[in-house]
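Have the sequence and the 3D view open, and follow along as we go.

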Amino acid sequence: MKNGMVECSVCHSRLVSPTSRTVSRAYDNHKIRVSSKHRALNVFLVVGDCILVGLQPVLVYMSKVDGKFNFSPVSVNFLTEMAKVLFAVVMLLFQARHQKVGEKPILSLSTFVQAARNNVLLAVPAFLYAINNYLKFIMQLYFNPATVKMLSNLKVLVIAVLLKMIMKRRFSIIQWEALALLLIGISVNQLRSLPEGSAALGLPVTTGAYIYTLIFVTIPSLASVYNEYALKSQYETSIYLQNLFLYGYGAIFNFLAILGIAIFKGPSSFDILQGHSKATMLLIFNNAAQGILSSFFFKYADTILKKYSSTVATIFTGIASAALFGHILTMNFLLGISIVFISMHQFFSPLSKVRDEQQNGKLELVNAPDDHHRAKDSFLNMAAGANEEVKNTHPSP
């Protein structure tokens, strides 16, 4: 650093010493300059996410027998993580075979050890996801599939707050209003959604359902934000190598849960394939594909985009549950969906974007003729999430 400026070691651009506000602005600028190829990737991610997320609660519902699960939900989560680990290994082998001459071998021991040290923070979201995956099954005991999807949309507001606190992400007043409108749409759908006269775990169903809803919303929101930060802070590491660590941690946590259940319930509960059917196999495949797709969202797109795309899946879930299981699409559901789509349009409207401030924290680029390098550096600055990370990415001359 010299005279309050930081020089990039790649393109030699000179930057004003970045603050958290400057880092957040770099992310906004990057989103404006995304290429058509990147936009196509975003479209593919959204469409794929809508299909997979929409199918997930339907497959969970199909897996129930007489309103109960004949299998251990933890076993499904463990098999899902193992399927994702296998996918990551296959893709790493494929990527290694197509490396260019002179590139650092991606499968070398030194690369693996260094990447493992740099990505140790992925253990945190892996642990949170292990808890969340179990909660998905619990929620199905209280709500029908369409309602579960609507409840999960509450995560958008929690994620927005966490992004602002942890990653210093900026949102305009219009975008905050859009998120509030989203909550209104969810509330409209939830009117009279809880069955009367039922109970679970010794609590009235309303009390138990709201407790699980609070946990169901908070834990995955924290996991998503932390996962995005961990993946983007090590942006140069292969996403498949990062996924190998993330899914490996997840498999370990779920296996420990299986051991704990076996200790309390006996060795017979250690059979991870007990009670599984074709529906559960489809569920495992769907969950694995959904998790893999989510990692691309967190590293190359945005957590808010991921949650809003999941919201679109609500329509598919509602129609599918009505066609397959006879659930009625109430007027509350239709009105709630309409409000949700208005919220989405308002949030992503060009008029709602945060405008760059011309005063403190302004990002200045000097002697940076290469637009590609500028876009890459601004994205790396955003990914760091703090001044110290930016300094590591751009060492002083």
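Start with helix H12 (residues 303-325) and helix H13 (residues 331-348), whose axes come within 11 Å and cross at roughly 155°. An angle over 145° counts as roughly antiparallel, so H12 is roughly antiparallel to H13. The crossing of this pair is left-handed. On the H12 side, the contact uses Ile304, Leu305, Tyr308, Thr311, Val312, Thr314, Ile315 and Gly318. They meet Phe333, Ile337, Val340, Phe341, Ser343, Met344, Phe347 and Phe348 of H13. Sorted by class, the residues of this contact are 12 nonpolar and 4 polar, with no charged ones.

Keep in mind as you look around that this is a predicted model. Now zoom out for a moment. The protein has 15 helices and 6 strands, and buried residues make up 49% of its 397 residues. Among contacts with a separation of 6 or more, 83% are between residues 24 or more positions apart. The protein exposes about 19,800 Å², and carbon and sulfur atoms supply 65% of that area.

Back to H12, which has another partner to show you. Two packed helices are described by the angle between their axes and the distance between the axes. For helix H11 (residues 278-300) and H12, the axes come within 8 Å and cross at roughly 140°. That angle makes H11 oblique to H12. Here Ser294, Phe297 and Phe298 of H11 make contact with Thr303, Leu305, Lys306 and Ser309 of H12. The residues of this contact divide into 3 nonpolar, 3 polar and 1 charged.

Is Ala320 buried or exposed? Its relative accessibility is 14%, so Ala320 counts as buried. Leaving aside residues up to four places away in sequence, Ala320 touches Val58 and Phe325. The C-alpha atoms of Ala320 and Leu55 are separated by 8.3 Å, although these two residues are 265 residues apart along the chain.

Next, turn to helix H3 (residues 73-97), where you will find Ser75. With a relative accessible area of 2%, Ser75 is buried. Which residues does Ser75 touch, not counting residues up to four places away in sequence? They are Ile258, Ile272 and His276.

H3 also pairs with helix H10 (residues 239-265); the two axes come within 8 Å and cross at roughly 155°. H3 is therefore roughly antiparallel to H10. The crossing of H3 and H10 is left-handed. By class, their contact has 18 nonpolar, 7 polar and 2 charged residues.

Finally, let's visit a loop. Most residues other than glycine have a negative phi. Lys168 is not a glycine, yet it has a positive phi of about 60°. Where is Lys168 found? Look in the loop between helix H7 (155-166) and helix H8 (173-190). Lys168 has a relative accessibility of 36%, so it counts as partly exposed.

Terms used. Residues numbered from 1 in each chain as written. Predicted model: local features only at pLDDT ≥ 70, side-chain atom pairs only at ≥ 80, totals over all residues. Heavy atoms only, no water. Axes fitted to C-alpha atoms, helices over the stretch in contact; angles between N-to-C directions. Helix = DSSP H or I, 4+ residues; strand = E, 2+ residues; numbered from the N terminus. Parallel < 35°, antiparallel > 145°, perpendicular 65-115°, else oblique. Left-handed = near helix turned anticlockwise from the far one by under 90°. Contact = heavy atoms within 4.5 Å. Nonpolar A, V, L, I, M, F, W, Y, C, P; charged D, E, K, R; others polar. Buried < 20%, exposed > 50% of the residue type's maximum accessible area, 1.4 Å probe, protein only. Areas by Shrake-Rupley, 256 points an atom, 1.4 Å probe, with all protein chains shown as cover.
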